Amino acid sequence: MRRDPHSYNDDTQAETASIALTARVDFAARVLHAEAELTFEQPGAGTLDLDTRDLHIERVSDSHGATLPFTLHPAEPFLGARLSIELPPDTRSIRIAYRTSPDASALQWLEPAQTMGGKHPYLFSQCQACHARSIIPLQDTPRLRIRYTAELAVPKALKVVMAAADRGRTETGESATERWEMPQPIPPYLFAFAIGDLASRDLSPRCRVWAEPGQVEAAAYEFADVEAMIHAAEALFGPYDWERFDILTMPPSFPYGGMENPRLTFITPTVIAGDRSLVSVIAHELAHSWTGNLVTNANGEHFWLNEGFTMYAERRITEALEGADMASLSAALGRRELDESIARFKDRPQMTRLRVPMQGVDPDDAYSLVPYEKGYFFLAAIEAAVGRAAFEAWLKTYLRDFRFGAITTEDFERHIEAGLPGALAKVDARTWIDGEGVPAAAAPPRSARLDAIEALGGAAPPAEVASTWNATEWNLYLETIARPAPHDLLNTLEARFHLTQSNNYDVLVAWLALCLQSGYHAVLSRVDQVLAGVGRMKYLRPLYTALAKHPGTRERARVTYERLRAGYHPIARQMVESVLREHA
Ligand code: BES
Ligand code: ZN
């Protein structure tokens, strides 16, 4: 039976325990020439269905080298092509020789000109939600965990980093071979690597930051407090189980803020604001080391278990390091963003349930902050109902009992009902889990600092007031301004605070979106600069949406996108194209 709407995996078939990958990375052809050996938990027989996308399968053989028959079925949207292999009795492992496509959805190949140094090409992977299958033929469902080894051959000038343990590098002629091993079992979406001109700085015995040489000092400064974060997280959630917590500062086209690849978190360079003001993204990815990477959603219908728990854990880390005030401002902003995301789904309200029906739905299309923030507010409601001490005690047992597992919403419900009897009923969990939108009973978070912002009623704050604001407060303030905003207000804000020149992307993009929604076109060249310089979807989406919605800039949105399309990540392209289609 298929238990994951985003995988061909059949739970009656052999299950992969480990993968040994060898690959030669061809930057000129944008192809990996690879072989994957899949070793099963138990010797298998009969049909084995694997997930693939845009892979060219050359040969399948058993451990003795005998060729095995296979069928590569026609590709289906977002699922890719099912690869069916016939296993002889008692098959312990198989080998698949194949090559990837230059259009592999998990890979972005960068020309030297798209890097900071400008001299070397760069390649990185992004497998979540279901793109690992465009790199390796495998059972691409988070329900099944695998260990792996990888041996990558690359041009000698380049360094490989992986979300795994370093097992050494050898150089022969013009190429280098790097060996990596992932000792902890992971769901396939956490397979990750990057290749480029990379340098590193140690931040602590278990934390190292990687970046292009020109950015490594700035990254080391920005992320210097990461060890303190790990300490705070361990005090809250138990020992850190992944040995190392390294950080890779990505090229600007990285489509996400961060990706919790185990042992090596990937982070957008837009987090480097110069003042450590955006490091909550690090807290978030670190929190996934418990919520998500240790306890994983069994499939995309239960994604809130990953992201909702992680928002809760992120805000607990923020509270421990920066105080309850900051955590509550972050929650207040989260509530605004939740209401906005729910509004965006007005034609597909079922996407705003916590347990989302995903049959036939592309997870990249369904991606939004709803599982994050609705999940957070659901857990916060339970915590408020039972008290923090009881909730924390239960959370520890949840993390312990499901460690290195993959669970569904039903597993969560059974577990919390046993540990905190009656808690689900108290918060009316049914409306949260299977209802749409936010339950009416969920009151938005309040705090004195939020009250002060709202008391302005959208009027420009005095300089001495705003000088104490952090990025979250600026965001909350900008959100209170009704659109379209009067141009004299925007002129005043610009004269007083020079927001168009802000280096803090969270503030800058919120400001630029407000300006575009108000027909204030003095900012257009700065908007172009952001769209050309950054591929993070959190910023592309509001800017392209605002451009495309306004009749005066709609054509500009299309032309700008055509010009910049080649530099965007495949997932970001898909998102921008859907925005432009919607507002055509
Ligand atoms: N795991 C996600 C990113 C992701 C989700 C990639 C789904 C692909 C599919 C990561 O942990 C995340 O949530 N990133 C956020 C960071 C934020 C909430 C602090 C992002 O990218 O904006
Ligand atoms: Zn996350």
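1. Glu285 and ligand 1. An N or O atom in the side chain of Glu285 lies 2.7 Å from an oxygen atom of ligand 1. The model is predicted, and the distance is computed from it. Taken alone, ligand 1 exposes 520 Å², and the protein buries 91% of that. Glu285 is also listed among the residues that come nearest to ligand 1.

2. The shell. There are 16 residues around ligand 1. Gln128, Gly257, Glu260, Glu285 and Tyr372 come nearest. By class, the shell holds six nonpolar, six polar and four charged residues.

3. Gln128–Ala129. This peptide bond deserves a look in the model. It is cis, with omega near 5 degrees. Most peptide bonds are trans. Ala129 sits in the loop that runs between strand E7 (122–125) and strand E8 (146–155).

4. Arg483–Pro484. Here too the peptide bond is cis, and omega is about -10 degrees. Pro484 belongs to the loop between helix H14 (471–480) and helix H15 (487–497).

5. Asp428. Its phi is positive, near 55 degrees, and the residue is not a glycine. Most residues other than glycine have a negative phi. Asp428 is found in the loop between helix H10 (423–426) and helix H11 (429–434).

6. Domains. The domain assignment gives domain 1 (16–197), domain 2 (199–289), domain 3 (295–446) and domain 4 (453–582). The centres of domain 1 and domain 4, taken over C-alpha atoms, are 39 Å apart. Their contact takes seven residues from domain 1 and six from domain 4.

7. Area between domain 1 and domain 4. The two domains bury about 450 Å² between them. Carbon and sulfur atoms carry 55% of that area.

Definitions and conventions: Residues are numbered from 1 along each chain as its sequence is written. Chains are lettered from A and ligands numbered from 1 in the order in which they are written. This is a predicted model: local features need pLDDT of at least 70, side-chain atom pairs count only at pLDDT 80 or more; totals for chains, interfaces and linings use all residues. Side-chain values use heavy atoms; hydrogens and water are left out. A residue is near a molecule or strand if one of its heavy atoms lies within 4 Å of it. A polar contact is a pair of N or O atoms within 3.5 Å; within protein, one must be able to donate a hydrogen and the other to accept it, and residues adjacent in sequence count only if both atoms are side-chain atoms. Accessible areas come from the Shrake-Rupley method with a 1.4 Å probe; for residues, only the protein chains shown count as cover. Ala, Val, Leu, Ile, Met, Phe, Trp, Tyr, Cys and Pro count as nonpolar, Asp, Glu, Lys and Arg as charged, and the others, Gly among them, as polar. Domain bounds come from an automatic or database domain assignment. Contact means heavy atoms within 4.5 Å. Buried area is the accessible area (1.4 Å probe) that two parts lose on being put together, summed over both. Helices (H or I, at least four residues) and strands (E, at least two) are DSSP runs, numbered from the N terminus.
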